[in-house]
Amino acid sequence: MAVNEFRRLGRTGLEISSVGFGSWVTGGPGLMGWGSQSDEDSIAAIHRAVAGGVNWVDTAAVYGFGHSETVVGRAVAALPAADRPLLFTKCGLVWDENGVESQNLTPESIRRECEDSLRRLGVDHVDLYQIHAPDPQGPPIEESWGTVLELVKEGKVRHAGVSNFDVELLDRCEAVGPVETLQPPLSLINRDSAADVIPWCAEHDTGVIVYSPMAAGLLTGTFTAERAAALPSDDWRSRNDEYKEPALSRNLALQ
């Protein structure tokens, strides 16, 4: 089915399709991975989405420890320039040579991550750069957010946003410079953001692109208890309580 509805993404001025392509799964295995994936199938899925009218792809550096961005970059490079979707990615979650994940929102790390993301995606700028999650042990968020805004001024990033931020952090960032977008979780299973951060965004003309609206598969209408039981150990959902009883039956009833 073709996507024929487009909406303005807050103050960015971008007109984006009502449905986007979330590429967490294309990263494959990892600490929060989805098990083994076919890169060719992932690329074909992105091309199918674009052909159906989807005009933005959301990824993150940490998905598959850079692999998702690399796959997205390959998919986009294979498309005619006029058909290429907007590219959104994230920073702040890093990893070492042993695949150990940690948070780092220092200015130096954000700049390094941005350069790495540009290289993996094969572009000279990203359309939306988001802080993936707050780091309570890191530098003041004003310092981190200011670095992202500097990247906008330098032309490496067109627009700046955050993900998983609460109202207090949104206020602190907004005092430094405009928070153009927020990416919170939102689904029938997790509705918390509708009570506070989404209303904040409405008041500030901040665009919202939610993640996991289908609850990572639970609400697609095709998920079953048998499928949950068969999830491989390298799929993060096999370790998540929402995919186990008693939550599983309640969740599946929402399909």
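Leu 128 finds its bridge partner in β9, namely His 159. The two strands involved, β8 (residues 126-131) and β9 (residues 157-163), run parallel and share 5 bridges; strands here are DSSP runs of E with at least two residues, helices are runs of H or I with at least four residues, and both are numbered from the N terminus. Two strands count as paired if DSSP finds at least two bridges between them. The model is a predicted one, in which local features need pLDDT of at least 70 and side-chain atom pairs count only at pLDDT 80 or more, while totals for chains, interfaces and linings use all residues. Residues are numbered from 1 along each chain as its sequence is written, and side-chain values use heavy atoms, with hydrogens and water left out.

Zooming out, β8 and β9 belong to an open sheet of 7 strands with parallel pairing, in the order β3-β4-β5-β8-β9-β10-β11. At its edges sit β3 (21-22) and β11 (207-208), each pairing on one side only. The chain as a whole has 8 helices and 11 strands.

Further along the sheet, β4 (residues 56-58) and β5 are joined by 3 bridges, again in the parallel sense, and Trp 56 has Leu 86 of β5 as its bridge partner. Strand β5 (residues 86-91) is largely enclosed by the rest of the structure, because 6 of its 6 residues are buried (under 20% relative accessible area with a 1.4 Å probe, protein chains only; exposed is over 50%, partly exposed in between). In a regular strand, side chains alternate between the two faces of the sheet. For β5, one side carries Leu 86, Phe 88 and Lys 90 and the other Leu 87, Thr 89 and Cys 91, and all of these are buried.

Asn 164 counts as partly exposed because its relative accessibility is 29%. Leaving aside neighbours within four places in sequence, Asn 164 touches His 132, Ala 133, Pro 134, Leu 182, Gln 183, Pro 185 and Tyr 211, a contact being heavy atoms within 4.5 Å. Its C-alpha atom is 9.3 Å from that of Ser 193, 29 residues away along the chain.

As for the chain overall, 47% of the 255 residues count as buried. Among contacts between residues at least 6 apart in sequence, 69% join residues at least 24 apart. The C-alpha trace spans about 50 × 45 × 40 Å along its principal axes.
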